[in-house]
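These are my notebook entries on one structure. I record what I looked up, topic by topic.

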Amino acid sequence: MTVTVRRLLARTDLGLRLLSPLPDRAAPAVHPLDQPITWVAGTDLDDPTPFLTEGNVVLTTGRQFGDAIDADGYVSRLAAFGIRAIGFASGVIRDVPAELVDACEREAMPLFDVPYRTPFIAITRYVADLVSAEAHGRSVWAADAQRTISGAALRDNGLRSSVVELSRQLDRPVTLFDATGDALHAAPAPLDVHADVRRLLERGIPAAAPTDDGILLQTIGRGGQLRGVLAVAGPLDHPAQSVVAGVVALAVMALEQRRSLAEATLALRSGAWHCLQDDNLALARHLAGHELPAGDIVVALIAPAAADRVPLDDASRASSPLGAILADPALDGLFTAREASRIAVLLPAGDESSRDAPVSRDLAVRHSIHIGLSSPATIETVSRAATQAELALSRAAQTGGVARFDEVADAGFDAVLDTEAARSIAYALLRPIAEHDAAHRTALTTSLRTWLEHNGAWDPAASALGIHRHTLRKHILKIAELTGRDLSSARVRAELILALESTQ
C-alpha cells in the first residue's frame, strides 16, 4: 500500500490528530490525505524547501514563528514546493498558532497535531518502514510483471500480447508505433501522440521524452535504425520504468525479426518478379508460392516523384521513400516486389482497371509518387503487362499522379515516341542528313519530310517544295546514300517518319 497522510493518521499509537479542515470546494482528483508520502523531515527553518524533496512531510516545533507570524507565506511556500502535510509538535515550544490552522485550511494543506509524548523519530521510523516495505513490494511486483510479460511474448502474436499485458500491469494505456509512426498495437486504445512520435523518429537517435500531456515516449532500436516507439501514459516510478524497459527490449527483438522477415520476403518476391518478366512462371511460383495472385490482375509500377530517386536498401526504414510506400496499409496482402528504385505491385484487376483506380489514386496522393498501370492481364502474361506499365509510368512522370496504359494506347505512337530512347535512335538515324545540311547549306531534311508527307509522290511533293521533281529525286537519292537505306522500302519510310516525329 502507498504511504499517505491518511495512513499516517490512522496509526493510533502515534496519537496524531488532524487540525486543519479540508474544504469541499473544487475537490482535486486525489484528496490531500491520499497523496503519496516520500519521507518525513523535522525542521524549524522558515523556508526549508532547499533541503527537502517533493512529497515530504514537514515536522516542526514552531520555533520559527515569532510574535509576528507569517503563516500564509510559510504554508504557501511548502504547498507550492509539493509538501504533503505539516506536523506540529504542540506544547514543546508553543501551542499550534490559529493563524497556521487558517493558512493550512486555505491551501488545503493537511495540518496535524503531534502530541508531546510522540517523538519525531517514531514517525520517521514508521514512515521509513512503510517506504521500505513499499519499495520491496514494488520490486516484487516488477519482477512478477516482467515474468508475466515475458510469458505473454511466447504466445501467438507475442508482441501484441506483450503490449496488452504491459497495459494491464501498469493499469494505463500503452501504444506501440512502428518505424513509420503508425500505431502497430495498442491497449486499450491508441494514444493520440502520432505527431510527437514522428518527430522523435525523424531525429533518428535513441531517446526517451515526455509529451506535453505527460505521455512517455521511448524509441526502439539503435541510432539510425529506429524500429518504432513505445508510448505509455505517465508518470512512472522506477519499478514501472524497469518493466517498460523490459518490453522495449522484447520489442527490439520482435521488430528486428519482423524487419528481417519482411526483407527476406521482399527479396523472394523481387526474384519472382524478375522471373515473371522473363516468362519463367515455374521458377516464379517456386520462389513466391501462394503469394502470386490468381485471376485477372493489373501490374502497377511505382516510382517516387522526386528526381533523386534513392534505391531501397532497407524495406522497413522510414527515411526511405520506397520503404514508406511498402509499409502503407493499402498494400497489405498484395504481391509487392522491389526493382531498383521502383516498386512493382500486382493488383486485382476489378477496381484498378477502372478510371478511378482507388488503391493507386490514394497511394499517389499520400506519397507524392508516379504510378503506371497496365491493362488487365493474367499471371501468365505479366511480362507484356509490365511493358505496358512501364509505358504508363513514363506518361505519369510527365502528367503527374497515375497513368493507365489505355491512355498511352489512345495517344497512339506519339506516346512512345516522346521518350529519350526514341529520340536517341531518331537522332542517330537522321544525323548524317543533318550534318550534310549544316555543311553544304542544303535542305535535305525538309525535302525528306515533305516527300514522306506526300506518300512518296514526286510531283505533289516537288510542287510543295517549289523545286523541280528531278531535283527532289536527287535529294532523296542523296539521303539514301547518306543513311545507307533503301527509301523504296515501306519499313524504312515508316522508320524515317517516326524519327522525324520524335525530333520535332
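**Salt bridges**

I began with Asp 113, which is buried, its relative accessible area being 8%. The model is a predicted one, and I read every value below with that in mind. Asp 113 pairs with Arg 17 in a salt bridge whose closest N and O atoms are 3.9 Å apart. Because Arg 17 belongs to strand β1 (residues 17–18) and Asp 113 to strand β5 (residues 111–114), this pair ties together parts that are 96 residues apart in sequence.

I then asked how many salt bridges the structure holds. The count is 20.

Next I looked up Asp 46 and found a salt bridge to Arg 77, with 3.2 Å between the closest N and O atoms. This pair links distant parts of the chain, 31 residues apart: Asp 46 is in the loop between β2 (39–42) and β3 (56–60), and Arg 77 is in helix α2 (residues 71–81). I noted Asp 46 as partly exposed at a relative accessible area of 41%. Arg 77 also counts as partly exposed, with 28% relative accessibility.

A further salt bridge joins Glu 495 and Arg 491, and I noted 3.8 Å between the closest N and O atoms. Both residues lie in helix α19 (residues 490–502), and because they are four residues apart, about one helical turn separates them. Glu 495 is partly exposed, with a relative accessible area of 28%, whereas Arg 491 counts as exposed at 63% relative accessibility. I also recorded that Arg 485, Arg 491 and Glu 495 are linked in a network of salt bridges.

**An open sheet**

I turned to the strands and asked in which order the five strands of the open sheet run. The order is β12-β13-β11-β14-β15, and the pairing is mixed. At the edges stand β12 (335–339) and β15 (402–404); each has a single partner strand, so one side of each is left without a neighbour in the sheet. From one strand to the next the twist averages 20°.

**Backbone geometry**

I looked up two cis peptide bonds. One runs from Ala 187 to Pro 188, with omega near -5°; Pro 188 lies in the loop between β7 (183–187) and α6 (194–203). Another joins Gly 234 and Pro 235, with omega about 0°, and Pro 235 is in the loop between β10 (225–233) and α7 (238–277).

I also checked positive phi values in residues other than glycine. Asp 171 has phi near 60° and sits in the loop between α5 (158–170) and β6 (174–178); the residue is exposed, at a relative accessible area of 70%. Arg 441 has phi near 55° and sits in the loop between α15 (420–440) and α16 (444–453); Arg 441 is exposed, at a relative accessible area of 80%.

**Surface patch and a helix residue**

Which residues form a nonpolar patch on the surface? I found Val 92, Ile 93 and Tyr 116, with about 320 Å² of accessible area together. Ile 93 is in the loop between β4 (85–89) and α3 (98–106) and counts as partly exposed at 40% relative accessibility.

My last entry concerns Ser 383 in helix α12 (residues 382–399). Leaving aside neighbours within four places in sequence, Ser 383 is in contact with Leu 276, Gln 277 and Asp 279.

Methods
Residues numbered from 1 in each chain as written. Predicted model: local features only at pLDDT ≥ 70, side-chain atom pairs only at ≥ 80, totals over all residues. Heavy atoms only, no water. Helix = DSSP H or I, 4+ residues; strand = E, 2+ residues; numbered from the N terminus. Contact = heavy atoms within 4.5 Å. Buried < 20%, exposed > 50% of the residue type's maximum accessible area, 1.4 Å probe, protein only. Pairing = 2+ DSSP bridges. Axes fitted to C-alpha atoms, helices over the stretch in contact; angles between N-to-C directions. Patch = residues over 30% accessible without salt bridge, like charges linked within 9 Å, V, L, I, M, F, W, Y side chains within 5 Å. Areas by Shrake-Rupley, 256 points an atom, 1.4 Å probe, with all protein chains shown as cover. Salt bridge = Lys/Arg side-chain N within 4 Å of Asp/Glu carboxyl O.
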